[in-house]
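Here is a short briefing on a predicted protein model. Look over the sequence and the fold, then read the points by topic.

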Amino acid sequence: MKIAFLFSGQLRQIPKDVFQNSLSILTKGLTDYSIFAYCWQEEGKSLDHKKNLPLINLRGNIDESIKELFQDFNLEKYGIESFQDFNKNLPEDYKEILNSNKFHFGTINSLPQIYTLYKSYQLLENSNCDFDLIFRCRFDSIFIHPLKLFPLKIILENNFLYNINFGRAYYPKRIYDIFFGGSQKSMRFIKNIWSDAIDLTNNEFNNGLDKRDCCRLLYLASIHKDVKVKSFSSRICDVYR
C-alpha cells in the first residue's frame, strides 16, 4: 500500500529529536510512503487561543531545516514561500476575509492554512505517482502511535475521510484539522479548496463554528464533493505547545 503524508503550514520551534522520534512512530512498519512538505519561510508559535498574534521570524536556511527535519524519512518534494509576499499579493477578496474583524480572531490563520495544504497537495499531484492513502499532518504534531494501527485496508476501500473527532475533542460536522486523511478519492477535494475558499467562507452552512474556521471550511469542502466524514477510534497525535 502506497501512502503519502502532506505536511503543511508553519514551522514551529520543536526540537529536532522530538520531531524525528514522532515521525519514527508515525511511519513505523510502513514500507512504501512519501512525504510532501510545504511551509512558510517564516516560523512562529501556535496561536493556541491567545488574543494576540505571536511574532513570526524570518528563518534563514529554511531549505536545510526542512531537509534536516526529514532526513532519512522519504521526503519526496517540498516547497517554501514567504508569508509576507503571500499576504502582499493576495487577491482583494481573499484579503477582505483574512483581515476582516467580523470573524473570530482565533480563525485568522485559517486561509493561510488552507493555502499551504492546497500547495502540498499540488506537490503530490506533480509527482505523477498514485497513492492509495493520503494523510494531512502538521509540522508541530506529536505522534503517539503508528499509522498502521488503523485499519488501513478498510480506510482505502470505504473512501471515507477520517479525522480525530471524538471524546473531549468532539464537535459535530467538522474536520479536526490537525490530522486527517483517507483514500485518494476522499482527499481529492483539496485540489479545489483554495479556489473555493471564498465561497466556502460565505456559504450559509452553520455548524456553530466561526465561518472562517478551518475545521468548518474543510468539512464543507469535503461534503460538497460527496465525501463522507468519519472519526478515527484513537488519538494518533496532538499538537506540541
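**Briefing**

Asn159 lies in the loop between α6 (152-158) and β8. Helices (H or I, at least four residues) and strands (E, at least two) are DSSP runs, numbered from the N terminus. The phi of Asn159 is near 60°, a positive value in a residue other than glycine. Asn159 is partly exposed, with a relative accessible area of 27%. Buried means under 20% relative accessible area, exposed over 50%, and partly exposed in between (1.4 Å probe, protein chains only).

**Basis and confidence**

- The model is predicted: local features need pLDDT of at least 70, side-chain atom pairs count only at pLDDT 80 or more, and totals for chains, interfaces and linings use all residues.
- Residues are numbered from 1 along each chain as its sequence is written, and side-chain values use heavy atoms, with hydrogens and water left out.
- The pLDDT is the predictor's confidence in each residue, from 0 to 100.
- The protein averages a pLDDT of 93, and 93% of the residues score at least 70.
- Residues 46-55 have a pLDDT below 50. Beyond near neighbours in sequence, this stretch has 22 contacts in the model. Contact means heavy atoms within 4.5 Å.

**The sheet**

- Seven strands form an open sheet with mixed pairing, in the order β5-β2-β1-β6-β9-β8-β10. Two strands pair if DSSP finds at least two bridges between them.
- β5 (75-81) and β10 (229-231) stand at the edges. Each has a single partner strand, so one side of each is left without a neighbour in the sheet.
- From one strand to the next, the twist averages 20°. Axes are lines fitted to C-alpha atoms, for helices over the stretch in contact, and angles run from 0 to 180 degrees between N-to-C directions.
- β8 (residues 161-163) pairs with β10 in the parallel sense, over three bridges. Here Asn163 stands opposite Ser231 in β10.
- Helix α1 (residues 16-27) lies across β1 (3-9), β2 (33-40) and β6 (133-137). The helix runs at about 150° to β1.

**Strand β6**

- β1 and β6 run parallel and are joined by five bridges. Ile3 has Leu133 in β6 as its bridge partner.
- β6 pairs with β9 (residues 180-183) in the antiparallel sense, over four bridges. Leu133 stands opposite Ser183 in β9.
- Five of the five residues of β6 are buried.
- Both faces of β6 are covered. Leu133, Phe135 and Cys137 are buried on one side, and Ile134 and Arg136 on the other.
- In a regular strand the side chains alternate between the two faces of the sheet.

**Nonpolar cores**

- A nonpolar core is a set of buried Ala, Val, Leu, Ile, Met, Phe, Trp, Tyr and Cys residues joined through side-chain atoms within 4.5 Å.
- The largest core has 40 residues. Those with the most contacts inside it are Ile134, Phe180, Phe189, Ile190, Ile193, Trp194 and Leu218.
- β1, β2, α4 (92-99), α5 (110-126), α7 (197-202) and α8 (214-224) each supply at least two residues of this core. The largest share, eight residues, comes from α5.
- Not counting residues up to four places away in sequence, Phe180 touches residues including Leu117, Ile134, Leu161, Ile175, Met187 and Leu218.

- Ile62, Ser65, Ile66 and Leu69 are buried in helix α2 (residues 62-69).
- These residues cover an arc of only 95° around the axis, which puts them on the same side of α2. The arc is that of the directions from the helix axis to the C-beta atoms.
- What covers the buried residues of α2 includes α1, β2 and β5.
- Asp72 is found in the loop between α2 and β5. Asp72 has a positive phi of about 70° although it is not a glycine. At 71% relative accessibility, Asp72 counts as exposed.

**His104**

- His104 sits in the loop between α4 and α5. His104 is exposed, with a relative accessible area of 52%.
- Not counting residues up to four places away in sequence, His104 touches Asp210 and Arg212.
- The C-alpha atoms of His104 and Ser141 are separated by 24 Å, and the two residues are 37 residues apart along the chain.
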